[in-house]
Every structure is written in C-alpha cells, then in structure tokens.
Amino acid sequence: MNATRREKFSVIRRLLGCALAHKSCFFPGMLLVIAGTALSLLAPVLTGKAIDYALPGNTDFAMITRYCVIIAACVAVSGISVWTGNILLSRLAFLTVRDIRARLFGKLLTLPLSDIERHSRGDLMTRMTTFGENLSDGLYQGIMQLSAGIVTLAMTIACMYVMNWAIATLVVMLTPVSAVVSAAIAKRNRVTFARQSENMEKMSGLAEEQLSGTRVLRAYGRVAESENDFAKINADLFRGGLGSQFAGALVNPVSRIVNNIIYAIVAVAGGIFITGTLFGGWAAGIGAPLTFGGLSAFLAYANQFAKPFNDVTSVTAELQTAASAARRIFEITDGADEDKGGSDVIEHPVDGIAFEDVSFSYSDKPFMEHITFAAEAGNKIALVGTTGSGKTTVINLIMRFYDITGGRLIFDGENIERFPREDVRRSFGMVLQDTWLFSGTVRENIAYGKPDATDEEIRRAADAAHLDKFISTLENGYDTVVSGDGEELSEGQKQLIAIARVFLTSPEMLILDEATASVDAMTERAVQSAFADLLGGKTSFIVAHRLSTIRDSDLIVVMDKGHVIESGTHEQLVRANGYYTKMLKAAE
Amino acid sequence: MLRLLRYLKGYRAAAIAAPLFKIIEAIIELIVPLIVAYMIDGPIAGGDIPAVVWSGALMAGLSCVGLGFSLACQYLASKAAVGMGCNIRAALYSHLHRLNLGDADRMGTGALVNRLSTDVAQAQQGFAMFLRLMLRAPVIAAGGAVMSIIVAPSLWYIGVGAGVLAFVVLLVVMRAGVSRFSVMQKRLDDISRLTGETIRGERVIRAFAGEKRSEDKFDAALSSHCRSAVAASALSCLLTPAATVIINAAVVVLLRAGGGAVNGGTITSGDLVALVNYLNQILLALITTATLMVLISKAISSAARINAVFDLAEDKEGAGAVPDPDAPLVELRDAAYSFGGEENAVGGLNITLRRGETLGVIGTTGSGKSTLAGLLMRFYRATEGEVRIAGRNICEYTDAQLRSLVTLAPQKPLLFSGTVRGNLGMSGCSDDEKMKDALRMAKAWEFVSEKNGLDSEVTQKGNNFSGGEKQRISLARALLRDAPVLVLDDAASALDYVTEAEVMQSVRKACRDKAVVNISQRIGTIRRSDKVLVLDGGRVAGYGTHEQLMKSCGLYRMLGGKTAEGSAE
C-alpha cells in the first residue's frame, strides 16, 4: 500500500514537472485563482459591515455607499481574476496534455515494433484518448480546485476569527465532521464505481464481438439468443449502475445536511452572542462581540462551508484517476527507442542479401530456426509456404522491423546491423497484403513515399498500377478523400494504391508480401508486368499464394513451420517432386 | 435528448417523483432564512435565549426532513436514469442487429460499440444530473426570488432581476458552450483517428521514412484540439465568476435600497439578513448548475449520436411464405443492387440453381461478388429485378424461414468467444459426432483435436486461431446447417492451395443434395461447378460451364491466367 502510494506521488510529481514547462500559465494562473477566490470571500464580511449601518431611523447612507463601492470593486476584480486564472489553468492543463500526447505519439513511431505489437491497438488508443482526457481533467481540477478549496477554507476561517473568535473556534471544531463525511462517501464511491466499470468492460467486449459477427448471427438466426446474453449483462449494469449512481448522488445531500446543521449551530451561537452583546455585554467581555451584520456574514460562510471539503475530496479522486492514467502513459513513453542501427554507409547498388543459419523468436519459444538462403544482386526471390510458416517474418527481419536472435543476416556483404535501420528500409519498396491508407486524398496516398512528386509522376504511377480507370470513376478523381480505414474501397483497390505508391518511389529493391492477394488474376498479371518493366533487374523478395506469378524466380524458398524445407528454381523443385510440386498440383 | 425520454418506460413514475421530492426539499430549504429573520427580529433582539435555541433546533429538524426528501429523490433519479440507460442500450442493441447492413458497415463496429457504451453512459449521467440538480437550481432560484418578495415587497425587483439576469447569462453561455464542446469533441476524434491510423501503418510509415510527416500532422491536430479545448473551457470557466458578480451586484443594490427601507422602518434588520441569505442561495444554485455544463453538453451530443443510429432504417422481415418444393432453389431475375451511387454495384443477374447444383462465381477485384452473396442472404435487397428462393420472392419470408433455407460461410470468419462446440452449436446441431464429422470435412479436426477437441477454448472473435483455422471452423459450422442453399463467400481464401483443394473436395461430397453458391478468386476452386458466373465491374461477363467459358469468355481465361502465360514474365 505504502509503496503504491509512494509510486502515485512520484507520478504526480512527474506530472507537475511536465506542467511546470508552462510556467507562464502555471504561476499567474494559480496566483489569480487564489487572489480572486480570497477577494470574493471578503464580500460577506463587507456586506455584514454595511448591514450594521442600516438601522431604523438612523441609517448611515454614506458608510453603506462606501461599503457598496468596496464590495462592487472586490467582486468585480475577483470575478475577472478568477476567470482569467481559470482560463490560464485550463490552458496549462491542455498544453501539458498536448505535450504528453505528442511525446506518446512520437514513441509510437520510434519504439521497436515488437514493443508496440505487445499492446493491442485499442489499448494504445485508450492511452492516447481516454487517459489523456483523464490527465487534463485531473491536472485542471487538481490545481484549480485544490488551490481554490484550500484558500476558501483558510480565508473563511481567518475571516471568521477576525469577526468573532469564539464562534470561529466552534466552527473549526465542527470541521472534521465535514471532512470525515466527505471522505467516507468518496471511498464508497470508488468501490461501486470500479465494479461498474468492470461491468461496462464486459458489455463492450460482448457488443464488439457480437456486432462484428452480426452477419453470422443473422444468417444463423441467433439474434434472439444474442439479445438474451446482452440482456443478462444489461441487468448487471442496471444493478451496478443504480448502486454507483446512487452512491455518487449521496455526496450532495449528505454534505448539505452536515452543512445545514453547522448553519443552525452558527445561527444559534450567533444569536446568543448578539444577545450577549446587546444585553449584559458579556460577549464583549470575552472579546467576542457580534452584530447583526456579523451574523449575516457568518451565515454566508456557513452556507458554503461544505463546498471546499467536497471539492478537495473530489479532487483526490480525480487526481488518483489522473495518476493511474499518467502511469499507463509513462509506461509507454519510458520505453527505450528502437536503436538507430549502425552508422556504416550503404554502397549502392546493394550487393545481395543472405540469411546464414538465422533464427528468430517472439518469446522463449523459437519461432524460426536454421534459415539459410542467399539473394544475389538482381535476383528475384520467392517465399512460399503455408499460412504461418514464417514468410512474413523473413520480410520483417530484412526490413529490420524485428532483430534476428541467432545466426547472421548479411546485407551488402556486411552484417546488417552495421547499417542505419532507416537506410536499410529506404533501400526497399514494400507492399504488404494488409494495405495501409491514411485519411487524405487518393493523390496524397499515392505520393506518400515521395511527397514532392509532380501530378504527371503520380498519374504515371497510377497508370502502371492499373488505377487510372478506377480513379476516373471517382467523383473528385485524384482529390477524392478516402477515410483512414478506406472502407469505401475494396481490398484490391487498396492494394493497387499501395502498389502505385511503390512505383512512384522506384526503389532499389522490392518486397512484395502478398501484395496482390486481393487483386484478381487478370489485373495481377498486368501489374506484375508493370513491376517487371519498372523494376527490371532489381533485387526483389516476393511472398505469394499464386504460384504462377513466381515461377520465373531465381530462387524459390519453400517454408514450413519456421524452417526452409526446399529451395531452388522452379525446374529444380519440380524435379525434386516435393512439397512445391504438391502445391502446384493443388493450384491447378 | 428529449427523444430518448420514450425509453423511460417503466421508470416514468420515478422520473416524475424524483424532481417533485427535490422541489419539496428545496422549499424546505427556503424556509430556513425566514426562521433566521424571525430569530433576529424576535428572540435575539428580545434576548430570549431558549427561543433562539428552539429556532436553531427547528432549522436542524427541517434540514433532516429535507434530507429525507432529498435522499428519496436521489434514489428515484438514479433509478430512472440508470433504467432509461439500460432500456436505451437494449433497444439500441436489438436495433443494431436489425440495421441495414450497408449502414452498419459504413458506421463501423467500433463506432457502434461506442454508441452502446460511452454514449449511453453519458446520456444516462446527464439525465441523472438533470433530474437531481438541474431542476433544483431553478426552483431554489425562483423560490428565493419569491421569498424575497414576500419578505420585502418593495424590493421585489432585486431578487427577480438577479435571478432572471443570472439565468439569461447561464443559458447564453451554455448554448455557446455546448457547440464549443462539440467542436472540441471532434478534434479529439481526429486525435484518436490519427493514432489508430498510425498504429495500423507502423511498418509502412517506417519503410517510407514517414515518421516526421506523421508527427507534423499529429502536432497540428493536437494544437487545434488544444485551442478548441481552451475556447470551450473559457466559457465554462466564466459561469461561476459571472454568477458571483451578478449576485453580489444584487447584494450591493439591496444594501443601498434596503438601508433606506430599514431606515424608513418598512423592513427590519432581520429581513435584510434574510434577503442577503436568499441571494446567496440563488448564487449557490447557479454555481451548481454551472459545474454541470460540461456533463450536460456531453449528454446532449451523445444523445444526438444515439438518435442518429436509431434513425437508420431496419431491415424488415417478410410476412411469411411457404417454399415451393418443385421450384428452383435459387432464382435471380434481372436482379441488381445499388448502394445509391450512379452505377449498380452488381446488376443484370439471371441465375437458376436447382437442388444438387453448384454455381461458381468469379470476377475481378470489386466486381460485386460479395454483393451477390449479400443479395442471397437478404443482407441487401435487390434494387431492381427480384431474388427468389424456393419459388418465392426472398422478401416474403420471415427471418426464421429464410434462415432455414439459406446459410452462409463468410470470407471474414466470425467466431465467438466460448468453445468450439459453442460456435458449431450455433448451427442448431448439438450432436458431437456430427460436429466432429463437419470439422473433419473442413480439415479442421486435426488442429482442433490437438487442442482440446470440441471443448477447445475460443477467445474473443476467435483470435487464438489463425485466419485459415478460423475459416475452416466457420466452414464446418456452415456445413452443419440444414439449409438447402449454401453460400460460400470466398470462405477458404486464407487457406493455401493444398488445403483448400482438400477442403473443397469434401464440401462437394457433403453438399450433393444442396444448391451451393461458391464465390472465389481462384479458378481452381470453382472450375468443377455446374455453372460458373463471371462478374466484371458489377456486370455479368460470362455464364456457363468451365469448358464453355474457356472457349467463349476472354475474361474468364485471363482470370484463370492460362492465355496470359508468358506475357507477364
């Protein structure tokens, strides 16, 4: 418990460190809020003073006017300063979160892929969005409410002592009641809230699965069953929701009753002290006289005495959420970046790539072992095999998305680790089966690898990828905006855009990982011939299901379960009459 | 938001009683300053200490009664809000499973789940706050104004003026605030979209050295989010100080005018204290409302998003029809489907398929193959011509009738968490041996038995199986179904050729007395079909047997890759 608490504090300290980067918001904002709050709390005292000058038949209008002016000035200044202070503090919170989000995003681009892929996409997105929001809420509320709450408390107590020490002491003695009550409610809230968010997670999980499977559910007539499952979780959500909603709703009435009782006590005590001042003067005797105006001021303070306690307890809850959100974000931003690789300069053209007894594992279990083959400059290398046999992993290793765990990977005659990762990657053009489009125009997507490409170049690349006809059917041609998921395009069209992207960069070497898997055979052949024209004589690595497209490769590597089981040219493999031949037959 | 109120069903009484109790509590609260005024002018001025104590006790007692009403309100309001939330969720969930699939696809599952979780939760929270706090504030404010008139009729304009002014400011700021908050929400969506996009594109971004550009784009999105957030909070921060200034301005006016009234003897000092008290109560009520602004504006935009989903049309089932046993099982007459664009997604379909026949469908990328599958499943309804199943228009059947006639194995294999048995059981079959046979036919028994047989665990969406394994289980599930029409929508696309050929052979054997529509990219998969339909850009490019098409259809030959041999290499 203690250790986690210390950890929480250190996270909060770190968060404050980030916030301090914006000193020009932090300190003025806090000062303005504190000063403004303090100033506004003078109003009840001043009002009380003014009330004392209103006497039947003997009202001192000059004094009342003077106090009115002072009150008006105080309140106006306080209003403006609280407002600007709040704006500065919320700006501070948003700027800080902006910085942290920018850092997190930067990490998404620099962490090793293996570290990123350990998290699900949803997990990382939650950290960016929800947790980021928790942070800004926590920071803003934390700094603002905490400083305002503490000032209110201190100022209220100070003003009360100035007016009448005896009643002030009475109120201070009652203070712990407020504190204890708010803390108890806040604690109960946390428990029910945690239970409810568990239920919510269960519901989202079920909905996600069942809604993405709605075609099957409808086709198999299982919608009613699915609704029943949902109704069960929904019933849990009702029970849990009622509990947590009601627990949250207790804060106000319960703190109000505590407040009201303190109010009544202050009224009675005030009344007694006024009589003690008017009749007998014992109140003045103990140095605690009270006027009607003084009572009015006391009542005004008592009226809002519970508020700072509520604020401070709700802030601690917010801060805890913010701290755990920050911890989850820092978990990622603290990760070590992917190393930049070596610093040797690649001498173009690259003189071949070779795997020498390479092994690789994602975890302790070896995934790939004893991979040996060599691609000489200008070779076309085909990787074939069943799903999950390790073809894509070979690509990942060449592109240095992953690092080998054994053996040697030779690039241009040297160990690949001696070259900068980025330079190795830049020497390849890569098209993956799982194509990536970003939200933007078709033009921008094609020009991704060469942002300064001319329209003519883009058009030529699109032609080569057989996109021209398709693009001309689009409403805005090249300027048609596609969404990030590109859901309006078919898989095949998306692949063609990715292929055009590579055509445009005309890289030195080529990697095609099922690049045309979703493209029909006819278009595929046309695109293949464009590849041949554009990249003729360039080293290329091709992963393909359709064996007809790789028949002319210089080397066909047949993989199974993380091993190379056969390799050679098409003719050699056919002669060997092994697994490759079996695959060929099946494809006919 | 108002439209969602119809989901209050079953909780209407609670929703009405809650604010009523709250109002009673507010009225009790409003009596307190009167007691204070009485104390000041009576017992205190007269030095009657027991009466002072009794008055205090009365105040405390009233507060306790108030607490009772307040707790009742909180409970009923919680119940009404949570109940409404659950009703919305259940209705939305049912709606989503009946939604037109074109619309559902456009929205995306992620967005739909968000509607069910975050948006419903926010609407519920907003409604609870509305019942509990929003209604209390105007009652306290109006009540305070009324009471101040009762105490000092000559000063009526102060309480009324302050209350009205404060409410106008509140409403104006709120309105502006809600729109600014929704701008901010959109900017946050941008951040989330860019993040998701980047995580999906890790490899491509790194391969093309696009890190810097991604960061620049993200920084721009972050900055505009930050700006819109500051703009929104500048308004929400304004409410509390503005309310304080307005109320204190009223206090100043009260002191000036009230001083005169006390001087003239129309009101007492106690009255003046009570009046100040009322103004402070109005202030507190306003501040509470101000803090709700963010919650309420979130609830309103969530409600709008939920309503937008409810507005999407549902697929209606037919009234019911009796299948004609002698008619062809599948018959398409000039059927076409359009997603609303100028061109049909698929059109000119004329197909007749009898029991025991198979139809192979092949075509270029985006040629409308999956749309055809959707037409046969009534996921989409023909926009021209008609689709007939067992002699009746497909639209005439009820859902249950249609599902007993046609079944589907989709390209994207959709498994559900549970066990393999549970997934296969969706077909309506509960016989273990039959399930095992189906798995063997789909070449899935090998890897399933290696795990834990039919009891093998299936995690969410079947993610503990590879794509090819999922397709085979999904295929086994389709084979278990009794429906006479089986639609295979590229159902073996993730399998390598060797496995696919074996699977297809056993499927053919198992489906001898069914009508099978087999959609594929691979000519090897469909060449043995009785008839083959060739699609190109939504139009029929050929229809006949493999041999006929090899002779007559150039596209078919090219899809098979026979004539193009050599030209590519």
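1. The hairpin in chain B. In this predicted model, strand 4 of chain B and strand 5 of chain B make a hairpin that leaves two residues between them, and B:Ala390, which sits in the turn, has a positive phi of about 50°. The two strands run antiparallel and are joined by two bridges, strand 5 covering residues 392-393. B:Ile389 has B:Arg392 in strand 5 of chain B as its bridge partner.

2. The other partner of strand 4. Strand 4 of chain B (residues 384-389) is also joined to strand 1 of chain B (residues 330-337), in this case by five bridges, and these strands too run antiparallel. Within strand 4 of chain B, the residue that stands opposite B:Ala336 is B:Glu384.

3. Once the neighbours within four places in sequence are left aside, B:Glu357 is in contact with B:Ala515 and B:Asp530. A further distance concerns B:Leu329, which is 28 residues away from B:Glu357 along the chain, with 9.6 Å separating the two C-alpha atoms.

4. The corresponding topic in chain A. Four strands of chain A form an open sheet with antiparallel pairing, in the order 2-1-4-5. Strand 2 (368-375) and strand 5 (414-415) of chain A are at the edges and have a single partner strand each, so one side of each lacks a neighbour in the sheet. Inside this arrangement, strand 1 (residues 353-360) and strand 4 (residues 406-411) of chain A pair in the antiparallel sense over five bridges, and A:Glu356 has A:Arg408 in strand 4 of chain A as its bridge partner.

5. Overall dimensions of chain B. Chain B contains 19 helices and 12 strands, and its C-alpha trace spans about 115 × 55 × 50 Å along the principal axes. The radius of gyration of chain B is 35 Å, whereas a compact globule of 569 residues would have one near 25 Å. Of these 569 residues, 53% count as buried. When contacts in chain B with a separation of 6 or more are considered, 78% of them are accounted for by residues 24 or more positions apart.

6. Domains of chain B. The domain assignment gives domain 1 as 2-310 and domain 2 as 330-560, and the C-alpha centres of these two domains of chain B lie 54 Å apart.

7. The secondary structure of chain A comes to 22 helices and 12 strands. Its radius of gyration is 36 Å, well over the 25 Å that the globule rule gives for 588 residues, so chain A is more spread out than a compact globule. The C-alpha atoms of chain A fill a box of roughly 125 × 55 × 50 Å along the principal axes, and buried residues make up 49% of the chain. Among contacts in chain A between residues at least 6 apart in sequence, 79% join residues at least 24 apart. The assignment divides chain A into domain 1 (1-163 + 315-335) and domain 2 (353-587), with 53 Å between the C-alpha centres of the two domains.

8. Nonpolar cores. The largest nonpolar core has 204 residues, and the residues with the most contacts inside it are B:Leu279 and B:Ile282. Helix 8 (residues 211-264) of chain B supplies the largest share of this core, with 24 residues. Beyond its neighbours within four places in sequence, B:Leu279 is in contact with B:Ala162, B:Ile247, B:Ala250, B:Val251 and B:Leu254. Apart from this core lies another, of 164 residues, which includes A:Ile542, B:Leu332, B:Leu372 and B:Ala476.

9. The interface between the chains. Contacts link 135 residues of chain A with 139 residues of chain B. Which element gives the most to the side of chain A that touches chain B? That element is helix 10 (residues 223-278) of chain A, with 27 residues. By residue class, the side of chain A that touches chain B divides into 75 nonpolar, 41 polar and 19 charged residues.

Notes: Residues are numbered from 1 along each chain as its sequence is written. Chains are lettered from A and ligands numbered from 1 in the order in which they are written. This is a predicted model: local features need pLDDT of at least 70, side-chain atom pairs count only at pLDDT 80 or more; totals for chains, interfaces and linings use all residues. Two residues are in contact if their C-beta atoms, placed from the backbone, lie within 7 Å. Two strands pair if DSSP finds at least two bridges between them. Ala, Val, Leu, Ile, Met, Phe, Trp, Tyr, Cys and Pro count as nonpolar, Asp, Glu, Lys and Arg as charged, and the others, Gly among them, as polar. Domain bounds come from an automatic or database domain assignment. The radius of gyration is taken over C-alpha atoms; the globule rule is 2.2 Å times the number of residues to the power 0.38. A residue is buried if 20 or more other C-beta atoms lie within 10 Å of its own, exposed if 12 or fewer, and partly exposed in between; C-beta atoms are placed from the backbone. A nonpolar core is a set of buried Ala, Val, Leu, Ile, Met, Phe, Trp, Tyr and Cys residues joined through C-beta atoms within 7 Å.
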